Amino acid sequence: MARRLVVSIVAVMASGMFSPLLRAQDEKWNRIPPARATYNGKKPSGPAPRRTLAGIWDAAQALGVNGATEHPALFPGGRGAEGGREDETGIAKPLPYTPMGLEALKKNKPSGPGVRQVDSLLTNDPAGKCDPLGFPYMFLWELRTLNIVHTPKQVIMLSPFYGNYRVIWTDGRKPPADPDPRYNGYSVGRWVDDYTFVVETTGLLPKTWLDHAGRPHSDQLVVEETYHRVSGDTIELTMKITDPKMYTEPWLALNKQPLHLMPDDFDIPELLCSPSEFAEYNDLVAGPVVRDPSKK
Amino acid sequence: MVNRLGIGACLVGVVVFCVQLVAHHGAASFDTGKMVTVNGTVTEYVWSNPHVLVKVDAKDDGGNVVHWVLEVWNPVTQASRGWSKNTFKPGDNVSLDIAPAKNNAPVGEIRGRIVINGKEFKQSQ
């Protein structure tokens with residue numbers, strides 16, 4: 001009895017001694033990036049290393065809930081997030097739609113906040129079915145924390161949000177001439193100087209969306225990304241959209257969007273889209289709250 | 001109105017600032033101009049995507065139990081606000097400020113004061 005008591009006391013003491021250690025270990029996992037406000041006024045610092053983007057980068061959840069950051073689907077002053085409109089007439093920074101582009105836009109029914117938002121259950125957003133987001137949707141919505149890895153012939157970008165990844169070839173190959181379309185397309189990258197990496201992506205599946213506001217694209221889409229390493233701890237990402245079928249002229253979806261360097265032991269939390277969890281959400285929330293039951 | 005909503009709750013405010021929502025899904029279905037407080041007992045806490053859910057049983061003015069489903073953001077965003085899988089447990093007595101569904105279904109989005117077993121839960125962001 002006494003021996004059992006001693007063993008119990010020792011066990012309790014041991015757990016008390018080791019629990020701070022365990023907590024410290026746990027703190028290495030599922031790291032949460034700093035709050036967005038932390039970056040306000042931040043100045044890029046440290047010398048930029050030559051020809052590398054390698055590292056873990058945080059976009060501060062700043063991207064694209066209302067559509068591409070440079071062209072949010074909102075009226076001046078940020079109004080209109082509640083939706084209810086068929087098109088984007090009157091938004092603060094309108095996009096140069098062609099007639100075909102405008103028709104395609106109207107067919108996409110976004111559930112994210114914006115002037116065309118619909119009830120969640122009524123969306124045809126690929127994300128609403130846990131379909132692959134594809135590129136550039138994966139970067140124009142919920143780009144949170146990005147793990148960039150270099151190999152001798154590739155730059156690999158891993159985004160734990162929805163399990164997205166990209167392979168950017170740097171071996172000098174040209175984009176495919178007549179590719180079978182893919183969700184993430186075909187990406188080639190090159191350094192135009194020691195601190196500027198330019199990626200061109202083509203061959204993207206037209207059924208995917210450009211962003212969370214339902215902006216369309218065609219098989220002619222070309223996405224050009226410029227990663228400018230302005231310092232040791234900051235990249236500025238600019239993304240140009242060119243698609244003559246849908247837009248009368250190229251436009252910038254991102255313009256010097258800062259990416260902030262995280263510590264090299266930063267464990268990015270998982271955030272996956274599970275069809276069964278989504279179905280449960282639709283049963284419990286999206287279905288019951290739809291405003292017109294006849295549309296269920 | 002409260003009875004008609006079937007809310008075991010008190011209406012604490014009608015006018016709130018229209019905050020731009022940034023979630024996977026927007027707030028088209030919720031009345032973000034209204035704030036309602038749900039007082040009840042947690043029956044289930046679902047720590048999952050795309051949105052964390054808190055199920056609460058609350059009595060309406062007629063004494064009938066209403067089964068509420070209340071959502072917030074995804075687990076990663078909630079973690080950044082100080083939430084975890086252990087924030088709620090079945091049996092907790094809670095008082096939650098929510099934006100109610102526009103169609104009066106007992107569903108809402110938690111967007112205000114959170115009190116768990118008499119203690120206010122302060123979100124970190």
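Q: How many residues does the largest nonpolar core have?
A: This is a predicted model. The residues with the most contacts inside the largest nonpolar core include Tyr137(A) and Leu140(A), together with Val38(B), Val56(B), Leu70(B) and Leu96(B). Those names carry both chain letters, A and B. The size of this core is 85 residues.

Q: Which helix gives the largest share of this core?
A: The largest share amounts to five residues. They come from a helix of chain A that spans residues 275-289. That helix is α4.

Q: How many residues are in the other core?
A: Another core lies apart from the one of 85 residues. Among its members are Ala73(A), Leu74(A), Ala81(A) and Ile91(A). Its size is six residues.

Q: Which leucines is Val56(B) in contact with, leaving aside its neighbours within four places in sequence?
A: Val56(B) is one of the residues with the most contacts inside the largest core. Its contacts include Val38(B), Gly40(B), Thr41(B), Val42(B) and Thr43(B). Trp68(B) and Val94(B) also touch Val56(B).

Q: How many residues of chain A are in contact with chain B?
A: Contact is judged between C-beta atoms, within 7 Å. On the chain B side, 25 residues take part. On the chain A side, the number is 29.

Q: Which element supplies the largest share of the side of chain B that touches chain A?
A: Two elements of chain B, β4 (65-71) and α2 (75-80), each supply at least two residues of that side. The largest share is three residues. It comes from α2(B).

Q: How many residues of the side of chain B that touches chain A are charged?
A: This side has 12 nonpolar residues. Another 11 are polar. The charged residues number two.

Q: How many strands are there in chain A?
A: The elements of chain A run α-β-α-α-β-β-β-β-β-β-β-β-α from the N terminus on. Four of the elements are helices. The strands number nine.

Q: Which residue is the bridge partner of Glu236(A) in β9(A)?
A: β8(A) also pairs with strand β9, residues 251-261 of chain A. This pairing is antiparallel, over seven bridges. In β9(A), the partner of Glu236(A) is Pro258(A).

How values were computed. Residues numbered from 1 in each chain as written. Chains lettered and ligands numbered in written order. Predicted model: local features only at pLDDT ≥ 70, side-chain atom pairs only at ≥ 80, totals over all residues. Pairing = 2+ DSSP bridges. Contact = placed C-beta atoms within 7 Å. Nonpolar A, V, L, I, M, F, W, Y, C, P; charged D, E, K, R; others polar. Core = buried A, V, L, I, M, F, W, Y, C linked by C-beta atoms within 7 Å. Buried ≥ 20, exposed ≤ 12 C-beta atoms within 10 Å, placed from the backbone.
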